[in-house]
Amino acid sequence: MKALLIIDVQNDFCPGGALPVPEGDQVVPVINGILDRFDLVVATRDWHPEQTVHFEKWPVHCVRNTPGAAFHPDLDISKVDKIVSKGTGNKDDGYSAFETEELDLAAWLREQGVDEVYVCGLATEYCVKASALDAVRHGFRTFVITDAVRGIDVHPGDIDRAMEEMKKAGVEMVKS
Ligand code: VGL
Ligand code: ZN
């Protein structure tokens, strides 16, 4: 069973948002076009409290229940089976979809019969990387859909380094 894990395709991570990922919105049509190929679709959302240590590193973004935290309006959430909120605590970054307060995602995916996890969304070197590395650690065959992710590259080369780190850990790179 194949699951698609859509990471944080939210307004604040798209151009015009509070923490824009360059071309972040360009993943939306790519993701919409592949949804039907998966047995299960999970979408995460960065869902921060108003105050968190995370905002010492980053501009305030994706505060829960604000327009910036909403999914990109063109993302087809009608085909999403489960929405997982992450970054909900105030003491850490909460980058990984596998470290949330509300759900043991690895256990839940396994219960559904999932053995392959395909990761897409934003941002490549933060939440996509953390989630893909955790998926491998939890024993899933793990893929990153390279044309359905975008990164920030705060320090030029961050995205490339993240791709290498994921490959070394056993993540496979595929195109949509
Ligand atoms: C993310 C930076 C801050 C992400 C979340 O979703 O990759 N990046 N918060
Ligand atoms: Zn965040």
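This note goes through a predicted model point by point.

1. Ground rules. The model is predicted, so local features need pLDDT of at least 70, side-chain atom pairs count only at pLDDT 80 or more, and totals for chains, interfaces and linings use all residues. Residues are numbered from 1 along each chain as its sequence is written, chains are lettered from A and ligands numbered from 1 in the order in which they are written, and side-chain values use heavy atoms, with hydrogens and water left out.

2. Zinc site. Four residues coordinate the zinc ion (ligand 2): Asp 46 through OD, and His 48, His 54 and His 61 through NE2. The distances run from 2.1 to 2.2 Å. Donors here are N, O and S atoms within 2.8 Å of the metal (3.2 Å for Na, K and Ca); water is not among the atoms, so sites may look incomplete. Along the chain the donors of the zinc ion (ligand 2) follow D-x1-H-x5-H-x6-H. His 48 and His 61 sit 13 residues apart, both in the loop between strand 2 (40–46) and strand 3 (82–86). Helices (H or I, at least four residues) and strands (E, at least two) are DSSP runs, numbered from the N terminus. Both His 48 and His 61 are buried. Buried means under 20% relative accessible area, exposed over 50%, and partly exposed in between (1.4 Å probe, protein chains only).

3. Nonpolar core. The largest nonpolar core has 60 residues. Such a core is a set of buried Ala, Val, Leu, Ile, Met, Phe, Trp, Tyr and Cys residues joined through side-chain atoms within 4.5 Å. Leu 4, Leu 5, Ile 6, Ile 31, Phe 98, Leu 105 and Leu 109 touch the most other members. Elements that each supply at least two residues include strand 1 (2–7), helix 1 (27–34), helix 2 (105–111), strand 4 (116–122) and strand 5 (141–150). Helix 3 gives the largest share, seven residues.

4. Leu 5. Which residues is Leu 5 in contact with, leaving aside its neighbours within four places in sequence? The list is Val 42, Thr 44, Ala 97, Phe 98, Leu 105, Val 117, Tyr 118, Val 119, Cys 120 and Ser 131. Contact means heavy atoms within 4.5 Å.

5. Helix 4. Helix 4 has twelve residues. From first C-alpha to last it reaches 17 Å, close to the 16 Å expected at 1.5 Å a residue. The expected span is 1.5 Å times one less than the number of residues. Asp 158, Ala 162, Met 163 and Met 166 are buried in helix 4. They lie on the same side of helix 4, because they cover an arc of only 135° around the axis. That arc is taken over the directions from the helix axis to the C-beta atoms. Asp 160 and Lys 168, on the other side of helix 4, are exposed. The buried residues of helix 4 pack against helix 3, strand 5 and strand 6 (172–174). Just after helix 4, Gly 170 has a positive phi of about 110°.

6. Lys 82. This residue lies in strand 3. Lys 82 counts as partly exposed because its relative accessibility is 26%. Not counting residues up to four places away in sequence, Lys 82 touches Val 41, Val 42, Ala 43, Leu 103 and Trp 108.

7. Salt bridges across the sequence. The structure holds 13 salt bridges. A salt bridge is a side-chain nitrogen of Lys or Arg within 4 Å of a carboxyl oxygen of Asp or Glu. One of them joins Lys 2 and Glu 116 at 3.2 Å, N to O. Lys 2 is in strand 1 and Glu 116 in strand 4, so the pair ties together parts 114 residues apart in sequence. Lys 2 is partly exposed at 31%, while Glu 116 is buried at 14%. Glu 23 and Arg 150 also meet, at 2.9 Å. Glu 23 lies in the loop between strand 1 and helix 1 and Arg 150 in strand 5, so this pair ties together parts 127 residues apart in sequence. Glu 23 is partly exposed at 41%; Arg 150 is buried at 18%.

8. Asp 158 and Arg 161 pair at 2.9 Å, N to O. Both lie in helix 4, three residues apart, about one turn of the helix. Asp 158 is buried at 13% relative accessible area, whereas Arg 161 is partly exposed at 48%. Elsewhere, salt bridges that share partners join Lys 2, Glu 116, Arg 141 and Glu 172 into one network.
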